[in-house]
Amino acid sequence: MKIAVTSVSGQLGASIAKALIQEIGKENVIGIARTPEKAKDLGVEVRKGDYNSREDFDAALKGVDKLLLVSGMDHPQKRIQQHRNVIEAAKLNGIQKIVYTSIVGDEKNTAFSPVVQSNRQTEQDVRNAGLQWIIGRNGIYIEPDLEYMDTYEKEGRITNCAADGKCTYTSREELGFAYAQLLLNDGLNGQTLNLVGEAITQTQLAEYINQVYKTNLKYTTVSVEDYKKERQAALGEFLGTIIAGIYEGIRHGANEVVSDYEKAAGRPHKSPLTMIDNYHKKLS
Ligand SMILES: NC(=O)c1ccc[n+]([C@@H]2O[C@H](COP(=O)([O-])OP(=O)(O)OC[C@H]3O[C@@H](n4cnc5c(N)ncnc54)[C@H](OP(=O)(O)O)[C@@H]3O)[C@@H](O)[C@H]2O)c1
């Protein structure tokens, strides 16, 4: 049984590949990456695969039985065709099963919705491919929030436009474990699953961070418009708009969804406090 993971040079792809290696050994895992040399440390065979190239994937998927497709990073409209290149190559190569990493989020009303919609289109393309499939809808990763700790500490607060909305944070490590199980176990084939943790507000997030980091952060909410302007100035138009749209969705409840994590992974999702503590321990 050979299982391939795309975007294996990225953090989610690498986490899934590591979890799979634990289960089936390095010799049965194939990494696929746009930049193969970045994935050398995994110690598995790495093949070239740029989502823009159907030819890359026609070759990269030879001899592969199951495929994990990590969603791309490009502009939403470009992603649909990029993912289709992979799906078509999977069909050509007679792959048995495809597992796709999609996203939880508001499909219509926020600046993040075009990204969610492009993920929904790929979900449809995966379902229509005629292969066995599972779709995971990922919660928001907690790690990027924690990467902002220096800023939070400097300002003494976490500021965004989520207000009292709840977010079901997950982590790349939790997702890696769940996706390995979904690739190996066929009992959940044909299902779309929310891979998310416990729903918490930003105020609760600040409290958990304070416990672990021994800080005294407060949470402050701002308007969606102000937050969007601030994020665009800090991160540029494309990424700033997406990030503001994510918090806008949290504000309106789009991320407070029922979790299928335990069903997918066979064990409960780690609590937000544990995820923050694990991240903190890794850094120190
Ligand atoms: N749930 C969330 O909170 C959340 C947050 C951010 C993103 N996401 C989604 O989750 C995905 C994985 O996240 P991550 O944390 O692993 O991101 P990451 O660490 O930034 O990695 C991104 C990966 O995408 C690859 N990539 C970019 N363009 C590609 C292309 N044209 N063809 C093939 N590979 C390409 C990169 O390859 P190179 O090494 O060659 O650059 C890299 O491996 C993202 O792509 C995005 O769709 C989810």
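## Ligand contacts

A polar contact is a pair of N or O atoms within 3.5 Å; within protein, one atom must be able to donate a hydrogen and the other to accept it, and residues adjacent in sequence count only if both atoms are side-chain atoms. In this predicted model, local features need pLDDT of at least 70 and side-chain atom pairs count only at pLDDT 80 or more, whereas totals for chains, interfaces and linings use all residues. Residues are numbered from 1 along each chain as its sequence is written, and side-chain values use heavy atoms, with hydrogens and water left out.

An N or O atom in the side chain of Ser-9 is 2.6 Å from an oxygen atom of the ligand. For Arg-172, the distance from a side-chain N or O atom to a ligand oxygen atom is 2.7 Å. The ligand taken alone exposes 910 Å², and the protein buries 83% of that (Shrake-Rupley method, 1.4 Å probe).

## Ligand shell

The ligand is surrounded by 22 residues, each with a heavy atom within 4 Å of it. The closest are Ser-9, Thr-35, Ser-71, Gly-72 and Arg-172.

## Gly-10

Gly-10 lies in the loop between strand E1 (3-5) and helix H1 (11-24); helices (H or I, at least four residues) and strands (E, at least two) are DSSP runs, numbered from the N terminus. The C-alpha atoms of Gly-10 and Val-70 are 9.3 Å apart in space, although the two are 60 residues apart in sequence.

## Overall fold

The protein chain has twelve helices and eleven strands. Its C-alpha trace spans about 55 × 35 × 35 Å along the principal axes.
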